[in-house]
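Student: I would like to learn how to read side-chain features in a model, one at a time. Could you take me through the charged ones with care?

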Amino acid sequence: ALARLVRPFVLRRLKTDSEIVADLPEKTEQIVAATLSREQAILYESVVRKGLQEVERAQEGIARRGAILTTLLRLKQVCNHPAHYLMDGSSLHSRSGKLDLLGEMLQEALDEGDRCLVFTQFKEMGSLLKTHVEEMTGQGVLFLHGSVPQKERDAMVTDFQESRPDGPRVFVLSLKAGGTGLNLTAANRVFHYDRWWNPAVEDQATDRAFRIGQQRNVFVHKFVCSGTLEERIQQMLDRKREVADN
């Protein structure tokens with residue numbers, strides 16, 4: 001009913017409409033289900049118990065909401081990697097189901113000659129991803145976050161876009177710093193390592209690669225840890241996207 005009422009006043013154009021951009025390649029999105037490692041599952045259960053206790057102890061209002069948000073943040077960190085939650089500088093290998101799966105998919109993409117963007121909302125996790133992928137591939141990895149000066153930021157984009165055979169093929173970006181204003185059409189693979197609450201923010205990040213000037217089909221992989229709050233976040237994102245589409 002709302003769509004019918006506003007139709008005379010709202011003009012919506014999408015770049016995927018053939019009359020807007022005739023030659024834009026296709027975009028394929030995939031939800032990638034990851035399984036928690038045993039260490040992650042134990043940590044996750046511990047954080048849930050501790051979080052519930054903190055919520056029960058907190059008074060109503062700001063303190064209670066703060067306790068809930070802190071618990072959600074910790075759970076997202078555990079889903080990413082135990083070292084992200086613990087912040088102890090410990091080893092990354094074979095401790096996170098999600099990181100192991102990302103490594104396998106990145107390697108497959110690189111073997112096929114693709115260039116990849118990896119988005120995370122956490123600067124700390126971005127640093128861990130850069131270290132892990134460099135060790136895994138033996139190649140340099142770019143990492144853009146909010147503290148990178150504009151001049152260095154521009155140099156990173158240029159370096160990636162030049163697509164030299166010996167140039168960087170994986171670009172890790174923080175969702176806030178790298179989600180808008182960049183043209184990264186040299187990449188045709190986009191990985192969302194962790195999920196943000198707003199689907200439009202994720203779409204803007206994906207559009208660094210899926211935009212005018214892109215010559216290849218774009219594949220978007222969104223990671224979700226099975227049996228965790230990430231599944232609930234995915235359900236919420238689906239509902240929000242459905243409302244926006246309607």
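Student: Leaving aside its neighbours within four places in sequence, which residues is R189 in contact with?

Tutor: This is a predicted model, in which local features need pLDDT of at least 70 and side-chain atom pairs count only at pLDDT 80 or more, while totals for chains, interfaces and linings use all residues. Residues are numbered from 1 along each chain as its sequence is written, and side-chain values use heavy atoms, with hydrogens and water left out. Contact means heavy atoms within 4.5 Å, and by that rule R189 touches A109, E112, D114, R115, C116, L117, F219 and H221.

Student: Is R189 buried or exposed?

Tutor: Buried means under 20% relative accessible area, exposed over 50%, and partly exposed in between (1.4 Å probe, protein chains only). R189 counts as buried because its relative accessible area is 12%, whereas E112, at 55%, is exposed.

Student: What do the side chains of R189 and E112 form?

Tutor: A salt bridge is a side-chain nitrogen of Lys or Arg within 4 Å of a carboxyl oxygen of Asp or Glu; R189 and E112 form one, at 3.1 Å from N to O. The pair links distant parts of the chain, 77 residues apart, with R189 in strand β5 and E112 in the loop between α5 and β2; strands (E, at least two residues) and helices (H or I, at least four) are DSSP runs, numbered from the N terminus.

Student: How many salt bridges does the structure hold?

Tutor: There are 15, among them the one between E29 and K222, at 3.2 Å from N to O. E29 lies in strand β1 and K222 in strand β6, so this pair ties together parts that are 193 residues apart in sequence.
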